Amino acid sequence: MPELPEVQTVLDTLAYQMGNPVIEHIEVFWDSIIHGDTNEFLRVLPGHQIKSYQRLGKYLCFDCGDVMWITHLRMEGKFYLQQPHEPYDHKHVHVVFHLKDGRELRYHDTRKFGRMYLYPHQEQLSDYPCFEHVGLDAFDDRLDAAWLYQKLHSKKVYLKQALLDQKIIAGIGNIYADEICFALGLHPQTRVNRMRKKDFELLIIEMRRILGGAIRAGGTTIRSYTASLGVDGRFQLQLKVHAKKGEACPLCQQPIKKIIVGGRGTYYCEQCQKKR
């Protein structure tokens with residue numbers, strides 16, 4: 001699943017390639033992609049111009065003035081900006097946005113897990129119903145060590161699970177959770193109620209350092225991620241532990257281990273990452 005850096009890269013790529021187009025009409029070939037009434041989506045969104053591009057966690061947000069169009073790519077969702085004469089895979093392209101300038105924005109989703117939402121404009125991104133159970137974005141100014149300590153210090157869950165909990169921090173997935181744990185020198189099965197306030201201060205610093213670096217690298221390409229128009233990420237070249245089972249730890253040269261934490265494959269260094 002694309003995580004925060006990949007979603008930001010998708011958004012930046014679309015903003016650069018599309019600019020501020022007017023959506024002329026829309027074709028939906030798989031209704032389940034649209035949250036709510038598909039006919040309402042088809043009736044309301046055409047005629048609107050995409051005025052700006054925003055993101056919250058793993059959600060793409062297209063500000064269309066009096067309405068907000070929000071998309072979650074889930075596991076396999078991708079956008080491609082193409083010309084009408086260019087062929088596409090009819091089996092896996094489920095929504096086509098015909099733009100007034102003649103181009104088409106095509107939504108491709110092999111597993112059909114992605115979702116699109118359309119809401120009347122709200123003052124804050126967090127006010128939209130799809131974000132009711134979504135926590136603060138990893139780069140939200142309100143997310144500081146004191147806030148995170150308050151949220152987590154009484155919980156007995158593992159650090160890896162806490163990082164993956166979108167109700168707390170929005171945007172971190174499996175790849176970056178492993179990298180953050182390594183940067184902290186903490187075993188992914190460390191109980192967060194055993195972490196000190198200074199651990200949470202360091203967590204905020206390392207989380208933003210790693211996610212920021214991944215954004216600058218265009219995200220991490222593992223398996224099927226692509227930003228748009230064939231743009232692949234390069235952050236996989238900078239990963240320290242994720243997907244490196246058996247390889248040498250970059251700090252101590254001991255082999256990287258793999259375990260399962262909360263049902264997710266988890267990579268760590270037994271020597272460098274201590275359990276609390």
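User: Is Cys-61 buried or exposed?
Analyst: This is a predicted model, in which local features need pLDDT of at least 70, side-chain atom pairs count only at pLDDT 80 or more, and totals for chains, interfaces and linings use all residues. Residues are numbered from 1 along each chain as its sequence is written, and side-chain values use heavy atoms, with hydrogens and water left out. Relative accessible area under 20% is called buried, over 50% exposed and in between partly exposed, with a 1.4 Å probe and protein chains only. Cys-61 has 0% relative accessibility, so Cys-61 is buried.

User: How many disulfides does the structure hold?
Analyst: A disulfide requires a pair of cysteine sulfur atoms within 2.5 Å. The cysteine sulfur closest to that of Cys-61 belongs to Cys-130 and lies 6.9 Å away, too far for a bond, while the sulfur of Cys-249 is 3.7 Å from its closest cysteine sulfur, in Cys-269, which is also too far. The number of disulfides in the structure is zero.

User: What is the bridge partner of Ile-70 in strand 8?
Analyst: Strands here are DSSP runs (E, at least two residues) numbered from the N terminus, and two of them pair if DSSP finds at least two bridges between them. Strand 4, residues 67–72, runs antiparallel to strand 8 and is joined to strand 8 by six bridges. Within strand 8, the residue bridged to Ile-70 is Tyr-117.

Methods: Helix = DSSP H or I, 4+ residues; strand = E, 2+ residues; numbered from the N terminus.
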